[in-house]
Amino acid sequence: MPHEVRGVVSVGKGKPVELAAIRVPDPGPGEALVRVQACGVCHTDLHYREGAINDDFPFLLGHEAAGTVEAVGSGVTGLEPGDYVVLAWRAPCGVCRSCRRGRPWYCFDSLNAVQRMTLLDGTPLSPALGIGAFADKTLVAAGQAVKVDPAARPEAAGLIGCGVMAGFGAAANTAGVSRGDTVAVIGCGGVGNAAIAASSLAGARKVIAVDVDGRKLEWARGFGATDVVDASSVDAVEAIKSLTDGNGADVVIEAVGRPETWKQAFFARDLAGVVVQVGVPAPDMTVELPLIELFGRGGALKSSWYGDCLPSRDFPMLIDLYLRGKLDLDGFVSETIALDQVEEAFEKMERGEVLRSVVVL
Ligand SMILES: NC(=O)c1ccc[n+]([C@@H]2O[C@H](COP(=O)([O-])OP(=O)(O)OC[C@H]3O[C@@H](n4cnc5c(N)ncnc54)[C@H](O)[C@@H]3O)[C@@H](O)[C@H]2O)c1
Ligand SMILES: [Zn+2]
Ligand SMILES: [Zn+2]
C-alpha cells in the first residue's frame, strides 16, 4: 500500500514551493522507506527551485535528513525497521568504473530508489539529489540510509547528510588539510563553516574565514576561524595574503559558487597550493585566466562533490565527533521550522539570517 504523506514540492522555475500531498510507494527490492524526523534547508534546494540544477520539475525538495527506517524491500541486508539513519546522496554502486578502481567516493552511478514518488494525480516527482526528504516519509535506495548513533538528535544529525559533510570533506578529504597548513574559506554558510571546523580539527595553523556578512563571520569564529575577513569592505585576496606573510594560503576553499569568488580563491593561494571549489555554479558562469598563471602557480585546482565522502565511513565518524563535543553540529541549527515554512527559510537564507533552518517533523 502506497503511503499518502505531505511533501514540499517545487513546481516550476522561480515559483514559491508548495506543500502538497504525495504518494510514496512501499519499498521494492533494494529500497528503504524512511520516516523523516528532521531535514535541513540547504542552498542546493534553492538552486533546484531556481531551475539552476536542471529542468526536471516538479521536484520533491529536501536532502539533509535524519530519520528512522520504517520498512525495507527484498534483498536488503544490514538495515532494518527501527534503525536510526542519516540519508546520503551518494550510495556507491560497486560496479561503475570508479568503484571498480577502488574509488567509491567518486561513484559515477550512485544508487537511488527505482520506484518514483508521485503527486496524487500520478505525476512523478524528481527527488532533490535522489532523496526528497521535506516529506513525512521518503523512499531511497537502502545504501542511502546510513546507520548512526541514535544518541545524536535528528536536527543536528541530519545536517551531515549534505552541507556539513560537503564542507568538512572538502577540507579533510579533497584538500587533505593537515597540521601546519594555512587555510582560507570563502563563503561561511553551513558548508563553509563545516570546512572551517574540519580545518581546525586537522591542525591547521591558521583558518581564515571570508564572507560579506558580519554575522557569518561571527559564527565562523565559533567554528574555529582564527581570523576573519569582511569581503564587503576589504579586498579578500590582499587580506588573505597579508594574514599569510604575503604568500597566500596553502588551501583556499570556495564555498559560494561564483566566478569572482573562485578567482579570489585562485589568486589568494600560495605557490603549489590547493583550490577546492565546493560552491555550485550556475551553468552559464565562466572564468577567464592567463594560462601562464595556471602553470606558474603550480599546485592543484580541485572541485569537491559531497566532500569526496564515503557516507558509510564518514557519517558515523562525524556523529562520533559530535557526541564527543568536538564538532558543534548544534551550532549549525539556527532555527527549527515546520514543513510549511521552507519558502520562508529560503528568504532567511538569502538575507543571511541563518546557517541552517531545520524542518522538524
Ligand atoms: N559541492 C557539494 O557537494 C555541495 C554540497 C552542498 C552545498 N554545496 C554548495 O555550496 C554553496 C554554499 O552552500 P551553503 O548551504 O553554505 O549556502 P549559504 O547560502 O548558507 O552560504 C553562502 C555564503 O556565501 C556568502 N557569500 C555570498 N557572496 C559572497 C562573496 N562575494 N564573498 C564571500 N562570501 C560570499 C554568503 O554571505 C553566505 O554566508 C552553495 O553553492 C551550495 O549549492 C555544494
Ligand atoms: Zn559506482
Ligand atoms: Zn545540500
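This is a predicted model: local features need pLDDT of at least 70, side-chain atom pairs count only at pLDDT 80 or more; totals for chains, interfaces and linings use all residues.

Trainee: What makes the radius of gyration of the chain agree with a compact globule?
Mentor: With 361 residues, a compact globule would have a radius of gyration near 21 Å, and the chain has 20 Å, so the two agree. The C-alpha atoms fill a box of roughly 65 × 40 × 40 Å along the principal axes. Of the residues of the chain, 52% count as buried. Among contacts with a separation of 6 or more, 71% come from residues 24 or more positions apart.

Trainee: How many helices and strands does the chain have?
Mentor: There are eleven helices and 18 strands.

Trainee: Into which domains is the chain divided?
Mentor: The division gives domain 1 (3–161 + 328–360) and domain 2 (167–304). Their centres, taken over C-alpha atoms, are separated by 28 Å. Eleven residues from domain 1 and eleven residues from domain 2 make the contact. On the side of domain 1 that touches domain 2, α1 gives the largest share, three residues. By class, that side of domain 1 has four nonpolar, five polar and two charged residues.

Trainee: Why is strand β9 said to be largely enclosed?
Mentor: Five of the five residues of β9 (residues 137–141) are buried, so the strand is largely enclosed by the rest of the structure. Strand β3 (residues 31–40) is joined to β9 by five bridges, and the two run antiparallel. Val-34 has Thr-138 in β9 as its bridge partner.

Trainee: What makes β7 and β8 edge strands?
Mentor: The open sheet has five strands in the order β7-β2-β1-β4-β8, with mixed pairing. β7 (118–119) and β8 (126–127) each have a single partner strand, so one side of each is left without a neighbour in the sheet. For β8, two bridges join it to β4 (residues 59–60), and these strands run parallel. Phe-59 stands opposite Ser-126 in β8.

Trainee: Is Trp-262 buried or exposed, and how do you know?
Mentor: A residue is buried if 20 or more other C-beta atoms lie within 10 Å of its own. Trp-262 has 23, so Trp-262 is buried. This residue lies in helix α8. The buried residues of α8 (residues 259–267) are Thr-261, Trp-262, Gln-264, Ala-265 and Phe-266. What covers them includes β11 (182–186), α7 (236–242), β14 (249–254) and β15 (269–277). Not counting residues up to four places away in sequence, Trp-262 touches Glu-254, Gln-277 and Val-287.

Trainee: Why is Asp-245 called exposed?
Mentor: Asp-245 has 9, so Asp-245 is exposed. Asp-245 is in the loop between α7 and β14. Its phi is positive, about 55 degrees, although Asp-245 is not a glycine.

Trainee: Is Tyr-306 buried or exposed?
Mentor: Tyr-306 has 25 other C-beta atoms within 10 Å, so Tyr-306 is buried. Tyr-306 sits in the loop between β16 (300–303) and α10 (311–323). Tyr-306 has a positive phi of about 60 degrees and is not a glycine.

Trainee: Which peptide bond is cis, with omega near -5 degrees?
Mentor: The bond from Phe-57 to Pro-58 is cis, with that omega value. Pro-58 lies in the loop between α1 and β4.

Technical notes. Residues are numbered from 1 along each chain as its sequence is written. Chains are lettered from A and ligands numbered from 1 in the order in which they are written. A residue is buried if 20 or more other C-beta atoms lie within 10 Å of its own, exposed if 12 or fewer, and partly exposed in between; C-beta atoms are placed from the backbone. Helices (H or I, at least four residues) and strands (E, at least two) are DSSP runs, numbered from the N terminus. Two residues are in contact if their C-beta atoms, placed from the backbone, lie within 7 Å. The radius of gyration is taken over C-alpha atoms; the globule rule is 2.2 Å times the number of residues to the power 0.38. Domain bounds come from an automatic or database domain assignment. Ala, Val, Leu, Ile, Met, Phe, Trp, Tyr, Cys and Pro count as nonpolar, Asp, Glu, Lys and Arg as charged, and the others, Gly among them, as polar. Two strands pair if DSSP finds at least two bridges between them.
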